[in-house]
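Hi,

Here is the structure I promised to pass on to you. Have a look at it first, and then read on for what turned up in it.

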Amino acid sequence: MSGIAIRVENLSKQYYIGRLQKKYETLRDTLTDALVAPFRRAGKLLRGQATGAAELDEAIWALKDVSFEVKRGEVVGIIGRNGAGKSTLLKILSRITEPTSGFADIYGRVGSLLEVGTGFHQELTGRENIYLNGAILGMKRVEIDRKLDEIVAFSEVEKFIDTPVKHYSSGMQMRLAFAVAAHLEPEILLVDEVLAVGDARFQRKCLGKMEEVGKAGRTVLFVSHSMPAITRLCERVILLDEGRIVADGPAHQAVSVYMSSGLGTTAAREWPDPDKAPGGEIARLRVVRVCQEDGKVADAVDIRQPVTVEMGYEVLREGYVLLPHFHFFNEAGIHVFAALDQDPNWRRRPRPAGYYVSRTWIPGNLLAEGTMFVTPAMTTLDPNLPQFYERDAVAFQTFDTLDGDSARGDWSKHLGGVIRPLLSWDTEFEPNGYGPGNDHGR
Amino acid sequence: MAVKEFTEPQPAVAASAPVAPDEEPAIHIRIEASKGWVSLKLRELWEYRELLYFLTWRDIKVRYKQTVLGAAWAIIQPFFTMVVFSLFFGKLAKIPSDGIPYPIFSYAALVPWTFFARGLGQASNSLVSGSKLIKKVYFPRLAMPIATVLGGVVDFALAFVVLLGMMLAYRIMPTVNVFWLPLFLLLALITSLGVSLWLSAMNVQFRDVRYTVPFITQFWMFATPIAYPSSLIKDPLLRTVYAINPMVGVIEGFRWALLGTDTAPGRIIIVSSLAALVILISGAFYFRRMERTFADVV
């Protein structure tokens, strides 16, 4: 099978997710089920049918009939929004989980970096963890011996290499973990979003290392949300959505399909079919939108302008006090903030059934540049019944045009931070002053 | 995981060498859904022996980190159990002990028993406590309970040194049969591992197992001649049935080899060994059958 590294044919994976909430009509049903369920589960357990607590209630296809081929030496990016099946695909190819149907042929030794730092033990030293982590990733002991110095140098934690990693900062742990992973030398490398670690400088170093790997003739499958990283590293990109391949082609092509189809950073999402809309028995989410000041849906907004975020939802049962809210996550998965409904008209007031739109405004000059993922959520108050929590339903980019009137001022280079408020400053100036603790000047 | 190897895997050293782009890969694996009972893939486990070594080494290394008494814990538990047993069963209840001083009679049994019970307790929880690893990296899952049980051998060795000291104090010379001792340790290991394979695979599905294990070990202890001699059971048929509990063979073997108890344990040991092997093999197949969903449900 010369020339082919990975062949995937009709690969599908089904997950059981269980019921959200059971509807019990009577106390008798509740009791009967409580008595019968343990026996039913025990029976399944002994027959070797594995379902866990989820049972076989509701299934979703995380991957459905996915087929593609990857040639040896190709560097292929896999993109798609959260839940599109990217990680499931990598998990199957790295043999962590089995497909439900279809098959994949793999020619060559596989190394996978699905999460750096897995298997680090907090009580062990950096050096000991290099060996442990290396062995877990499939390296041989002699191989680790040979590369030890290189790994330590790459991680930049030389001074603390014999200190237990529990005394490391999280950044140091990440660097050490990536250093081990980066020195893996398999024929096929599967990488899942490892670049979301460390500071920008270390990220660039990792990207450089990945590029080197690609150039060394190894086959790389690379999952990422970072379009710049994808376009830089991959010549070919596969776009997944809802478990299927939507586009497969040259990187720039697939990325532009992703950005323009509304699959990527979708700034608006609708659930036209009420039965498929996320929600409980009281409220159901129907639409989420991110808009500019003028009310137009926008997936990129000027950092200086306010952003409108709104959700439309149906209230099916009257008489509950509802709390619509949004959670905002950045690219690194950091929960930047949550915004809870403050509308005085509906506060502490049970709502009649019907369709509502709740809206909030994020002021301009508050968010940092980058992508913000929005999670709309709903719960009732007293009793607290969660209705929906749609992780990363929509997303938008914040960009800075560098006109000099944002929080950046005239600084145009890298600028970190989770938020970037524009604060007012002033300066006191004494031409002959000496500063505190020095009174001669006075 | 139904992964068939079509060609010989590369030797360890060759696999670590950087790969030239035009070199034909020596490995071909097919990934597809597996059905029903699957092979144990012992050869793959053997290829991962270094990981097994590192996991065992990690278990040993971190076991007594951040404790005041450290490795003394390996001795404290069996030793004080022996003290309590000697007081209540030996002195007060006057339970016979095959002509051996009661303290050493019970301690010689408690050392392998503690090895068995601790291995069982920790290994049955090994997949759940290592769930992060299972979800993120592929390796033969069998390595996890095996490494945990193997890690207990160090504790056993420490407690065993105390046993030797006690024998010296009581002026008991081990018999020539002491050469059989490693075999009895192996029998305890097989039993502990076999039961752990069943329980750890079940524990992935339902955490009830974690609450069941203390019960199981407690009942099992009473079904094993630790506080009392097996010679209390006279009927030969009953003794054979009794020996289906593999730990009966282990304990009898230890006392016979070390203390020279004249219980002629030959038949007991054969029955116990067979029972232990049945548990191990069935456990391994059950484990492999459940393995395919570990990453999804753990």
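Leu190(A) sits opposite Leu221(A), which belongs to β7(A). Their strands, β6 (residues 188-192) and β7 (residues 219-223) of chain A, run parallel and are joined by five bridges. (Helices, H or I of at least four residues, and strands, E of at least two, are DSSP runs numbered from the N terminus; two strands pair if DSSP finds at least two bridges between them.)

Before going further, please keep in mind that this is a predicted model, in which local features need pLDDT of at least 70 and side-chain atom pairs count only at pLDDT 80 or more, while totals for chains, interfaces and linings use all residues. Residues are numbered from 1 along each chain as its sequence is written, and chains are lettered from A and ligands numbered from 1 in the order in which they are written.

Back to the sheet. β6(A) and β7(A) are part of an open sheet of six strands in chain A, with mixed pairing and the order β5-β6-β7-β3-β8-β9. β5 (110-113) and β9 (244-250) of chain A are at the edges with a single partner strand each, so one side of each has no neighbour in the sheet. On average, neighbouring strands here are turned by 15° against each other, direction ignored. Helix α2 (residues 86-93) of chain A lies across β3 (75-79), β5, β6, β7 and β8 (236-241) of chain A, and runs at about 145° to β7(A). (Axes are lines fitted to C-alpha atoms, for helices over the stretch in contact, and angles run from 0 to 180 degrees between N-to-C directions.)

What does Leu221(A) touch, not counting residues up to four places away in sequence? The list is Val70(A), Val76(A), Ile78(A), Leu90(A), Leu93(A), Leu190(A) and Val191(A). (Two residues are in contact if their C-beta atoms, placed from the backbone, lie within 7 Å.)

A residue is buried if 20 or more other C-beta atoms lie within 10 Å of its own, exposed if 12 or fewer, and partly exposed in between.)

For chain A as a whole, there are eight helices and 19 strands. Of its 442 residues, 38% are buried.

Now to where the chains meet. The contact takes 48 residues from chain A and 45 from chain B. On the chain B side, the largest share, six residues, comes from α3(B). By class, that side has 27 nonpolar, five polar and 13 charged residues. (Ala, Val, Leu, Ile, Met, Phe, Trp, Tyr, Cys and Pro count as nonpolar, Asp, Glu, Lys and Arg as charged, and the others, Gly among them, as polar.)

Val62(B) is in helix α3 (residues 49-63) of chain B. Leaving aside neighbours within four places in sequence, Val62(B) is in contact with His121(A), Glu123(A) and Leu124(A). Val62(B) is partly exposed, because 16 other C-beta atoms are within 10 Å.

Phe103(A) has Glu32(B) as its bridge partner in β2(B).

- The peptide bond from Asp382(A) to Pro383(A) is cis, with omega near 0°. Pro383(A) lies in the loop between β17 (370-381) and β18 (386-389) of chain A.
- Arg95(A), although not a glycine, has a positive phi of about 70°. Arg95(A) lies in the loop between α2 and β4 of chain A, and counts as buried because 20 C-beta neighbours are inside 10 Å.

Finally, the confidence. The model scores ipTM 0.78 and pTM 0.72. Chain B has a mean pLDDT (the predictor's confidence in each residue, from 0 to 100) of 86, and 91% of its residues reach 70 or more. Over residues 1-22 of chain B, the pLDDT is below 50.

Best wishes
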